[in-house]
Amino acid sequence: MIYLQLFWEFFKTGLFAIGGGMATIPFLYDLSDKTHWFSHNDLANMIAVGESTPGPIGVNMATYVGYVTGMEQGGILTAILGAVVATLGLITPSVIVIMIVAAILKSFRNNRFVNHAFYGLRPASTGLIAAAGISVIASNLLNLDSLKQGQFLQGFNWKGIALAMVLWVLTNVFKKTKKLHPIIFIGFAAVIGIIFQMG
Amino acid sequence: MKIFLEMFLTFAKVGVMTFGGGYAMLPILQREVVDNKGWATEEELMDYFAIGQCTPGVIAVNTATFIGQKCKGFWGAIFSTLGVVFPSLVIISLLAGVIEAFSHIVWVQHAFGGIRVCVCVLILNAVVKLLKKAVVDIPTAIIFIGVAVCSVCFDLSPVIYVLIAAAAGIVIQVIGGKKK
């Protein structure tokens, strides 16, 4: 029963993804490896769509993955069912945890052990996102097969690396462009991708 | 019943206006929940937002659930939460169909080739931003590097790292605390 599995996978994601929307991404890469419902490239495309549409990115990702997975089962109706099931899976742990926390609000925030646990959780969650980032970089900026054969020049996606450097400078160095919304950089990258025939 | 519908619609509005991450929603929440509806005070909202950040799950969803729960109990939580995810469901479902229909066109594939490069940079930036808060001393640096390296090298569920890290955080802090 694929919908049950979908619900369960996103339930786990909702329960263990700590620290916002980007934290869901390592779980989705894990899901892609495990089930092959969607590829790593699909996932990178979904991250871009999730970033550039209204709504919290974690929710957008769940909806999108659920939609694509449901689509495989038949058509538009199963796709929408998949989207709803994945989204409900993602938010169910939130509702349960928040209900419990709301009942013990003061003691939760000041609890020593909760703070201690988060001391370890924050760097771990960041490490997981970094690992997901490395895998996105490996599949888009490097050509691992050529590198393994010692072909240095073919081993790198030079156009992609140049674009990445430009984008990094725009998002980190220049004051004027730093604060712009990600959607602008995604649009810019799409135009450059078309002009220089990337991907 | 009317109040629940109002909560659903208010949080649907918050959902539509939250572009990207959870932090983007704070100013919108302030306007809708504090100024317009008076469901919470400014201080309460900051508290709920802080709790939303340090509980599992998507920050925006956690915050919406919390406000709903505090104002109108269980059903308030349910309606606020469904409200905040409703726009995502509609918009992504519409868009996914459109993207699927056009995905075989060559220049659309080129566009996504460029977009995926941008995603690399966006994830990198997110990691750098999170690092500043997460890595505060040597043990947290070791946890970060250890999890990142293990996660690249081994095919284990992220759940395992999260559980180990939480336990490690408690152990390190308790032992460190005793020394002082």
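Is A:Ala189 buried or exposed at 0% relative accessibility? In this predicted model, A:Ala189 counts as buried because its relative accessibility is 0%.

## Surroundings of A:Ala189

A:Ala189 belongs to helix α11 of chain A, which covers residues 182-195. Apart from neighbours within four places in sequence, A:Ala189 contacts A:Leu163 and A:Leu167 in chain A, together with B:Ala111, B:Gly114, B:Ile115 and B:Cys118 in chain B. This buried residue therefore has contact partners in both chains.

A:Leu121 stands 68 residues away from A:Ala189 along the chain, and the C-alpha atoms of the two are separated by 33 Å.

## Domain organisation

For chain A, the assignment gives domain 1 as residues 2-118 and domain 2 as residues 144-195. The C-alpha centres of these two domains of chain A lie 27 Å apart.

Chain B is likewise assigned a domain 1, at residues 2-101, and a domain 2, at residues 105-179. In chain B, the distance between the C-alpha centres of domain 1 and domain 2 is 26 Å.

## Interface between chain A and chain B

The extent of an interface is often expressed as the accessible area that is lost when the parts come together. Between chain A and chain B, about 7800 Å² is buried, and carbon and sulfur atoms give 78% of this area. Within chain A, the residues that lose the most area to chain B are A:Pro54, A:Ile98 and A:Tyr119, which together account for 9% of what that side buries. In terms of contacts, 90 residues of chain A meet 89 residues of chain B.

Helix α7 of chain A, residues 112-141, gives the most to the side of chain A that touches chain B, contributing 22 residues. By residue class, that side of chain A consists of 58 nonpolar, 26 polar and 6 charged residues.

## Residues with positive phi

A:His36 is not a glycine, yet its phi is positive, at about 60 degrees. This residue is located in the chain A loop between α2 (25-35) and α3 (40-51). A:His36 counts as exposed because its relative accessibility is 64%.

A:Gln197, also a residue other than glycine, has a positive phi near 50 degrees. A:Gln197 is placed in the segment after α11 of chain A. With a relative accessibility of 53%, A:Gln197 counts as exposed.

Key: Residues are numbered from 1 along each chain as its sequence is written. Chains are lettered from A and ligands numbered from 1 in the order in which they are written. This is a predicted model: local features need pLDDT of at least 70, side-chain atom pairs count only at pLDDT 80 or more; totals for chains, interfaces and linings use all residues. Side-chain values use heavy atoms; hydrogens and water are left out. Domain bounds come from an automatic or database domain assignment. Contact means heavy atoms within 4.5 Å. Buried area is the accessible area (1.4 Å probe) that two parts lose on being put together, summed over both. Helices (H or I, at least four residues) and strands (E, at least two) are DSSP runs, numbered from the N terminus. Ala, Val, Leu, Ile, Met, Phe, Trp, Tyr, Cys and Pro count as nonpolar, Asp, Glu, Lys and Arg as charged, and the others, Gly among them, as polar. Buried means under 20% relative accessible area, exposed over 50%, partly exposed in between (1.4 Å probe, protein chains only).
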